[in-house]
Amino acid sequence: MTDRTTAPAAPPAAPPTPPRPTPGAYARLAKLDIVDYYIGLPLVFAMTLPLLGARAETLGFLLLVLVAEVAVVAAMVSFDDVTGYRDGSDAANYGSDAARRRLARKPLVHGTLTEPQALRFGRAATAASVVLWALVVALAPHRPLWAVVGAALCLVASVQYSWGLKLSYRGFQEIFLCGLGVGWVLVPYGLLVGHVDGFVIVQALVFGGGPMIFGLYSNTNDAAGDRAAGRVTVAARVSLRANTAFIVALTATETLLVTGSHLLGIAPWWFTVALLPVIALRVAQLYTGFVLGDILRARRTAIHTHRAAVVLLIGANLLAPFLPDAL
């Protein structure tokens, strides 16, 4: 017999090297480019200006609130990305349309961060949120109980949005998207002024409705992936026709709030006039989404509509002292 020599076994493949985290990857994880909740603070400043004046202390306080809000959102979206990565909903919802939805905004799916890295970041952001909001309350000129409780509720609900209680998986997503915006107008206003009136509440509702409405278009696009992951949204649980009716109804409710608040004597005349472009843009996004069938384009329009509404409200509040009381 001839001698046979066997080649040595190839060494086992080394495990893939975890991606080296970069500040840019963490910035994308924290969704720092999404400013739609933070722009409520300039609105709060404009609303408080007639009462408090342009004081440096007010600006400093609102800057602290901004940092606290950024920390809360960073924690919320970090845990949301981990959950979406684990259940496959982010891969399903973003992977099929990466060019239009910017897959890089999902660092776990994109491969620029690992799950442990995202979890550590989310936990650090949560700890920072608690410290920062405690500091906000401690330094506030006023501390009405409802505002303190509201701040705590916004923080806890945000962290539990897709983690722990998983509120967004249990049918509370739409309520949360609106409630967080409402809270982040009313809470800093209350901590600065000590009370709120009906018109402040109406403006907070309009502000909070913006993220909810563009979130409804996202949910419409993501219905199949959310349904597969067990995420309870209206779009994932009802037919397309029923979901369309739901979005139309909420859009009409916003219009009724804008027009009806003046008719009921809650808001001044200029409030309705200032938001007429917003009403027109809402109609345009409904047409784009449900007549032309381009949901993602309608979503972009809804985001721009929200930002336009805030700019219009800020401008109108600043001009209000120079406007006549009635037409």
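I began with the pair H15 and H16, which pack at an angle of about 170 degrees with their axes 8 Å apart. I took axes as lines fitted to C-alpha atoms, for helices over the stretch in contact, with angles from 0 to 180 degrees between N-to-C directions. That makes H15 roughly antiparallel to H16 (angles under 35 degrees count as roughly parallel, over 145 as roughly antiparallel, 65 to 115 as roughly perpendicular, the rest as oblique).

The model is predicted: local features need pLDDT of at least 70, side-chain atom pairs count only at pLDDT 80 or more, and totals for chains, interfaces and linings use all residues. Residues are numbered from 1 along each chain as its sequence is written, and side-chain values use heavy atoms, with hydrogens and water left out.

On the H15 side I found Pro277, Val278, Leu281, Arg282, Gln285, Thr288, Gly289 and Phe290. The H16 residues they meet include Ile295, Arg297, Thr301, Thr305 and Leu312. By class, I noted ten nonpolar, five polar and two charged residues in this contact. Here Ala, Val, Leu, Ile, Met, Phe, Trp, Tyr, Cys and Pro count as nonpolar, Asp, Glu, Lys and Arg as charged, and the others, Gly among them, as polar.

I then checked the length of H15, residues 276–290. Helices are DSSP runs (H or I, at least four residues), numbered from the N terminus. At 1.5 Å a residue, the 15 residues should span 21 Å (1.5 Å times one less than the number of residues). The end C-alpha atoms are 22 Å apart, which agrees.

Buried (under 20% relative accessible area, 1.4 Å probe, protein chains only) residues of H15 are Val278, Ile279, Arg282, Gln285, Leu286, Thr288 and Gly289. Their cover includes helix H10 (198–221), H13 and helix H16 (295–319).

In H13 (residues 240–263) I looked up Ser261. Ser261 is buried, at a relative accessible area of 3%. Beyond neighbours within four places in sequence, Ser261 contacts Val202, Leu256, Ile266, Ala267 and Phe271.

Thr233 lies in the loop between helix H11 (223–229) and helix H12 (234–237). I have Thr233 as buried, at 2% relative accessibility. Not counting residues up to four places away in sequence, Thr233 touches Gln173, Glu174, Asn219 and Asp226.

Last, I checked pLDDT, the predictor's confidence in each residue, from 0 to 100. The chain mean is 89, and 90% of its residues reach 70 or more.

Methods. Helix = DSSP H or I, 4+ residues; strand = E, 2+ residues; numbered from the N terminus. Buried < 20%, exposed > 50% of the residue type's maximum accessible area, 1.4 Å probe, protein only. Contact = heavy atoms within 4.5 Å.
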